[in-house]
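Me: Could we go through this structure together? I would like to start with the overall fold and then turn to the details.

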Amino acid sequence: ANKISSNELQNHFCLFEISLLKYRRSSNYFHLLLILSGDISLNPGPPQINLDDNFDIWSPFKNRGLHFIHLNVNSLCIKIDEMRHIAKNTKAAIIGVSESKLDSSVNDSEISIAGYNVIRRDRCRNGGGVACYIREDLCFNVSNVFSKEIEGLFFDLLFPKMKPISIGIIYRPPTQSNFLDTLTRELVNFDIDQKEIYLLVNFNLNYKTSSSSKYCLKKEDTLH
């Protein structure tokens, strides 16, 4: 078989990129992208799983390491059975929840999951709130580092002979403006040299960038 030198291969890629730049302005460009994407369906819907194929949707959680999950449950009380099913099959170290929609009338026992401790920051039964399930074999300390401007909770996972791992469960209400600026100010208090930090956040990101609303968090907004 004829061998292609590295220079020839590089030239092929350069020509391909130039062709794409010229092609990009035509509608056919998007047809090309679809072809390159592989298996595309016009209306795929939810994945169709054949139980006879021994398909295991929980297989990623069988790998070693700490597994973190974050879910917007839109009311924890009515979704607690599904949460227990997820916890049982994943055995994830952390399961963060946003829009828990809890208040003081809901006891921890009503939303308990076997093998997990639960911590929570409630708002009301009509919206908002965050909670987190921490596997009971893990040691942790809850930190009160966020001001009332941020709807979230923070805690440290503690391991022997290792840096603590700080985890934040955060929810941004759709009407909250200047959220990233506020969050940036809050994070300044953390010493990133002394610990790892993971944020599990529901940003309510709005891809409708034409919106002029001050409440619209757009995809180009970033943490400083």
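**Overall fold**

Reply: The protein chain of this predicted model has four helices and eight strands as its secondary structure.

Me: In what sequence do the elements of the protein chain run from the N terminus?

Reply: They run α-α-β-α-β-β-β-β-β-β-α-β.

Me: What share of the residues in the protein chain is buried?

Reply: Of the 224 residues, 33% are buried. As for contacts in the protein chain with a separation of 6 or more, 56% come from residues 24 or more positions apart.

Me: Let us take the sheet with β1. What is the order of its strands?

Reply: This open sheet of four strands has the order β1-β2-β4-β3, and its pairing is mixed. The edges are held by β1 (68-72) and β3 (116-121); each has a single partner strand, so one side of each lacks a neighbour in the sheet. On average, neighbouring strands here are turned by 15° against each other, direction ignored.

Me: In which sense do β1 and β2 pair?

Reply: β1 pairs with β2 (residues 94-98) in the parallel sense, over five bridges. Ile69 has Ile95 in β2 as its bridge partner, and Leu71 stands opposite Val97 in β2.

Me: What hand does the unit of β1, α3 and β2 have?

Reply: Together, β1, α3 and β2 make a right-handed β-α-β unit.

Me: Where does α3 lie?

Reply: Helix α3 (residues 76-90) lies across β1, β2, β3 and β4 (130-135), and runs at about 160° to β1.

Me: Which residues of α3 are buried, and what covers them?

Reply: The buried residues in α3 are Leu76, Ile80, Met83, Ala87 and Thr90. Their cover includes β1, β2, β3 and β4. As a general point, an α-helix has 3.6 residues a turn, so residues three or four places apart point the same way.

Me: How far apart are the end C-alpha atoms of α3?

Reply: They are only 18 Å apart, although α3 has 15 residues; a straight helix would reach 21 Å at 1.5 Å a residue. There is also a bend of about 35° in α3, at Glu82. After α3 comes Lys91, with a positive phi near 50°.

Me: Changing topic: what is the strand order in the sheet with β5?

Reply: The order is β5-β6-β7-β8, in an open sheet of four strands with mixed pairing. β5 (139-143) and β8 (196-202) are at the edges with a single partner strand each, so one side of each has no neighbour in the sheet. Neighbouring strands of this sheet are turned by 20° against each other on average, direction ignored.

Me: Are β5 and β6 parallel or antiparallel?

Reply: β5 and β6 (residues 151-158) pair in the antiparallel sense over five bridges. One of the residue pairs is Val142 with its bridge partner Phe155 in β6.

Me: Back to phi. What is the phi of Glu99, and where is this residue found?

Reply: Glu99 has a positive phi of about 50°, although it is not a glycine. Glu99 sits in the loop between β2 and β3.

Me: And is Glu99 buried or exposed?

Reply: Glu99 is buried: its relative accessible area is 16%, and the cut-off for buried is under 20%.

Me: What about Lys161: which loop holds it, and is it buried or exposed?

Reply: Lys161 is in the loop between β6 and β7 (165-171). Lys161 counts as exposed, at 91% relative accessibility. Its phi is positive too, near 60°, in a residue other than glycine.

Definitions and conventions. Residues numbered from 1 in each chain as written. Predicted model: local features only at pLDDT ≥ 70, side-chain atom pairs only at ≥ 80, totals over all residues. Heavy atoms only, no water. Pairing = 2+ DSSP bridges. Helix = DSSP H or I, 4+ residues; strand = E, 2+ residues; numbered from the N terminus. Axes fitted to C-alpha atoms, helices over the stretch in contact; angles between N-to-C directions. Contact = heavy atoms within 4.5 Å. Expected span 1.5 Å × (residues − 1). Bend = angle between axes of the 7 residues up to and from the residue. Buried < 20%, exposed > 50% of the residue type's maximum accessible area, 1.4 Å probe, protein only. Right-handed = clockwise from strand over helix to strand, strands pointing away.
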